[in-house]
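Please look over the sequence and the model below before reading on.

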Amino acid sequence: MEYQNFTLPNGIRIIHKQDKSPVGYCGLIINTGSRDEDEKEHGMAHFIEHVVFKGTKKRKAYHILSRLDDVGGELNAYTTKEETCIYASFLKQDFQRAIELIQDITFNSVFPDKEIEKEKEVIVDEINSYKDSPAELIFDEFEEMVFANDPMGRNILGTPEHLKTFGKKEIKQFIDRNYNTDQMVFASVGNVSFKKIVAWAEKYLGQVPTNLRQHQRLEVSPYTPQSLTVEKDTHQSHVIIGNVAYDFKNPNRLHLHLLNNLLGGPGMNSRLNMALREKNGIAYNVESSYTPYFGTGVFSIYFGTDQENLYRSFSIVDRELKKLKTKELGSLQLHKAIRQLKGQMAISADNRENLMLNMGKSYLMYDQVDSLEKVYKKIDTITAKQLLEIANEILADNRLSYLIYQ
């Protein structure tokens with residue numbers, strides 16, 4: 001089997017792919033993020049991602065950081081709106097060391113008061129740094145606008161005002177409520193047998209007390225298109241155009257991924273990059289993106305341009321969107337778009353850290369992981385007519401929101 005899986009009695013799921021690489025990768029992915037915070041907890045999920053590294057019942061912060069560094073490995077973590085992940089890369093002989101360390105910092109952290117206060121300052125600096133980068137900040141503010149007055153709209157970092165209120169008690173309350181064992185997946189890729197992975201998982205993760213989820217995520221508020229222009233003291237104008245989109249269970253999500261890739265994906269030959277940058281030379285950064293969430297999703301187009309080229313850029317983008325909504329792709333265009341997406345997926349999967357994380361997220365959301373071959377077969381069934389219909393749904397003029405920094 002390409003992927004092997006197992007579920008511990010406490011509900012934690014294990015998924016593994018044996019690989020010949022001398023390097024191993026593993027991570028614990030938890031189905032909780034910033035959208036699961038109460039209003040007074042804004043920024044808590046990300047804050048916990050920082051402070052779990054600051055000491056456990058048996059390790060000081062230095063010993064946590066040195067545990068894998070000493071053998072040439074790496075330990076890392078990230079937080080999104082819907083997930084928290086602690087993961088590592090290391091030589092294959094250090095698999096057990098990595099699993100034990102991830103278990104220790106996730107479930108045995110003690111959150112020293114001194115370290116909590118120190119980390120608050122670190123995150124305040126992170127927030128201020130983010131505010132100095134309009135090309136990044138605009139994405140968060142766009143989602144705040146799209147998901148107005150909804151937890152989905154809050155940025156991940158939180159605010160200095162909320163951070164000040166966080167203490168050990170508040171941290172533990174959030175963890176007890178949201179770090180549920182039936183909402184966790186331990187994913188691994190490496191040259192070690194599945195039998196060993198299960199044995200180590202039983203030894204370390206199997207001892208974690210069962211904590212099943214007792215609540216459901218709230219549905220997002222109804223979407224109303226918005227348009228907002230914000231005065232910023234920046235050289236360039238920054239623009240996001242977008243709409244809510246399919247959630248992670250919608251059967252059309254793969255179609256939208258293909259459409260997004262064609263319009264403004266990472267390829268230098270995407271329609272927006274060709275139109276704005278290559279043909280007209282009026283934008284350095286241009287991209288589109290689609291992110292599916294639980295119960296909703298977001299599609300957006302971003303570009304940055306000199307202010308004197310702003311409305312010309314709008315006109316060019318509008319022209320490209322109209323093409324997608326009025327002209328069905330020819331068979332050669334569709335074939336090329338499908339082949340490009342397949343190639344990008346294969347290259348991404350060849351990065352074993354990406355593969356491990358994507359395996360874990362897929363198993364967390366869908367309780368299964370499709371092979372590349374199976375995904376390819378799904379992509380091959382996409383028709384030009386379906387893409388035309390989806391373009392008219394997602395890119396409908398009366399459904400688009402606009403956020404402009406100028």
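K196 counts as partly exposed, because its relative accessibility is 48%, and this residue belongs to helix α8, which covers residues 194-204. The model is a predicted one, and in it K196 and A135 are separated by 61 residues in sequence and by 45 Å in space, taken from C-alpha to C-alpha.

- N149 sits in the loop between α5 and α6 (160-163), where it has a positive phi of about 60° although it is not a glycine.
- With a relative accessibility of 82%, N149 lies over the 50% cut-off and therefore counts as exposed.
- D367 likewise has a positive phi of about 60° without being a glycine, and its place is the loop between α13 (352-366) and α14 (372-380).
- Because its relative accessibility is 47%, D367 counts as partly exposed.
- N178 is part of helix α7, residues 168-178, and this residue is buried, because its relative accessible area is 0%.
- When residues up to four places away in sequence are not counted, N178 touches I30, T32, D36, R213 and H215.

**Nonpolar cores**

- In soluble globular proteins, nonpolar side chains tend to be buried together.
- The largest nonpolar core in this model has 49 residues, and those with the most contacts inside it are I14, F47, L75 and I171.
- Setting aside neighbours within four places in sequence, I171 is in contact with M44, F47, I48, V51, F111 and I116.
- There is also a second, separate core, made up of 42 residues, and A245, A275, A384 and I404 are among them.

**Helix α11**

- Helix α11 runs over residues 310-326, which gives it 17 residues, and from its first C-alpha to its last it reaches 24 Å, close to the 24 Å expected at 1.5 Å a residue.
- Its buried residues are L310, S313, F314, I316, V317, E320, L321, L324 and K325.
- The elements that cover these buried residues include the strands β8 (236-244), β10 and β11 (401-405), together with the helices α9 (253-264), α10 (271-278) and α15 (384-394).

**The enclosed cavity**

- Rolling a probe the size of a water molecule over the atoms shows where empty space is left.
- How many cavities of 30 Å³ or more does the structure hold? It holds 1, and the largest cavity contains about 40 Å³ of space.
- The lining of the largest cavity consists of L259, L262, L324, K327, E328, L329, A384, L387 and L388, and these residues divide into 7 nonpolar, no polar and 2 charged.
- Both α9 and α15 supply at least two residues of this lining, and α15 gives the most, with 3 residues.

- At least two lining residues come from each of α4 (113-131), α5 (134-146), β9 (286-292) and β10 (297-306), and α5 gives the most, with 4 residues.
- By type, the lining of the second largest pocket divides into 8 nonpolar, 4 polar and 4 charged residues.

Terms used:
Residues numbered from 1 in each chain as written. Predicted model: local features only at pLDDT ≥ 70, side-chain atom pairs only at ≥ 80, totals over all residues. Heavy atoms only, no water. Nonpolar A, V, L, I, M, F, W, Y, C, P; charged D, E, K, R; others polar. Buried < 20%, exposed > 50% of the residue type's maximum accessible area, 1.4 Å probe, protein only. Core = buried A, V, L, I, M, F, W, Y, C linked by side-chain atoms within 4.5 Å. Contact = heavy atoms within 4.5 Å. Expected span 1.5 Å × (residues − 1). 1 Å grid on protein atoms, 1.4 Å probe; cavity = no way out; pocket = protein on both sides within 12 Å on 5 of 7 lines; lining within 4 Å. Points joined across faces, edges and corners; volume = space filled by probe spheres on them.
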